[in-house]
Amino acid sequence: MTLKLEINPIKEWLPHIDNPLLVSGPCSLESEEQALETAKLLAQDKRVFIYRGGVWKPRTRPGSFEGVGSIGLKWLQTVKKETGLPVGTEVANAQHTEEALNAGLDVLWIGARSTASPFVVQEIADVVKGTDAVIMIKNPVNPDVQLWMGAVERINQAGIKNIVAIHRGFTPFRETKYRNYPNWKTVIELKRLLPNLPIICDPSHIAGKREYLYEISQKAFDMGMEGLMIESHRDPSCAMSDAAQQLTPADLGKLLDKLVIRHENANNPSFESQLDVLRNRIDALDSELLEILASRVTIVKQIGQYKRENNVTALQMNRWTQLMNNRVNLGKRLDINETFVKILFQLIHEDSVRMQTEIMDEE
Ligand SMILES: O=C(O)C(=O)C[C@]1(C(=O)O)C=C[C@@H](O)C=C1
């Protein structure tokens, strides 16, 4: 079900924005000097709109650097005063939120571990109630779109209209090249459920390593994300947290130069008409596909009836294995992605077995 919440487009609270929303700054603020030097370098690149700096750092295990705490809010005030950039930090409980609002921060974001806890989100919502804060909400650590959406609703129910969702990837359940795997399916679903919610991407936490930032950032723009939150540090090699994924402001500039920014519409009538022609062809092919599937269903049901009359099982492992191998090979020859063919035929077969067992168990 699509929900039309009252959520402002980014331009409403950042009127001078003329590009994707770029939020950048250190993973953690370490000293006033580090905060300010990084900020001054970033401010020279007019594509950076918001400065970020973590002061309270939720770390997976105790013993690592957990942020400088409240003193960092003063450094953010200095950054704002000296560079004119709006500033933001992560908040993870009511006390952080109160302190950040009192310090006049422009943007607060809720981290992935906090989004996963409705109690924490509600606690934050109760504090921001009635303010005109900008709240960014990272996805929960698990790809649960309802939990992500629930966090947006809680903040929105507190009267907050300036909300942005951040895709920062999900905790992997096996070894992957990325630190947190990007799950675009969940992002697309969130966009479908909340069509007017701006979504940006945090390639730093997805990548875990600088070398992957470009491919993830480009993919984010290809998918229509409205901006990026990328970590940067004046000297990442001595960063006190997430050293491997931060960029110098100069390297951030180079990355931005390489990225192609895409828009939902081209405002180009000849492109639109070409697109229409191709979409009409896809519509026709899709209806053919469905008609073919319907014919297959008729035969599967017929087989189900024969199997019932002869007491034969619905599931036929040998036939199924042969069929799958054959379809995957055929798919390869036709240059269709192997995983796609496998998933497609798994779905088709699963439904055949469901239909046939229903036929067999009918009174
Ligand atoms: O070949 C059969 O026995 C069928 O019922 C068809 C079919 C299929 O959908 O292709 C369905 C179930 C079997 O496990 C194997 C194949």
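A residue counts as buried if 20 or more other C-beta atoms lie within 10 Å of its own, exposed if 12 or fewer, and partly exposed in between, with C-beta atoms placed from the backbone. By that rule Asn 267 is exposed, because 7 other C-beta atoms lie within 10 Å. The model is predicted: local features need pLDDT of at least 70, side-chain atom pairs count only at pLDDT 80 or more, and totals for chains, interfaces and linings use all residues. Residues are numbered from 1 along each chain as its sequence is written. Helices (H or I, at least four residues) and strands (E, at least two) are DSSP runs, numbered from the N terminus.

**Annotated domain**
- An unreviewed UniProt entry lists residues 269–360 as "domain: Chorismate mutase"; such annotations may be inferred rather than shown by experiment.
- The chain over residues 269–360 is 88% helix and 0% strand, with its end C-alpha atoms 55 Å apart.

**Helix 13 and positive phi values**
- None of the 17 residues of helix 13 is buried.
- Asp 335, which follows helix 13, has a positive phi near 65 degrees.
- Most residues other than glycine have a negative phi.
- Asn 267, in the loop between helix 11 (249–258) and helix 12, has a positive phi of about 55 degrees.
- Asn 311, in the loop between helix 12 and helix 13, has a positive phi near 50 degrees and counts as exposed, with 7 C-beta neighbours inside 10 Å.

**Strand 6**
- Six of the six residues of strand 6 (residues 162–167) are buried.
- Asn 162, Val 164 and Ile 166 point one way from strand 6, and Ile 163, Ala 165 and His 167 the other way.
- Strand 5 (residues 134–138) pairs with strand 6 in the parallel sense over five bridges; pairing requires at least two DSSP bridges.
- Strand 6 and strand 7 (residues 199–201) run parallel, joined by three bridges, and Ile 166 stands opposite Ile 200 in strand 7.
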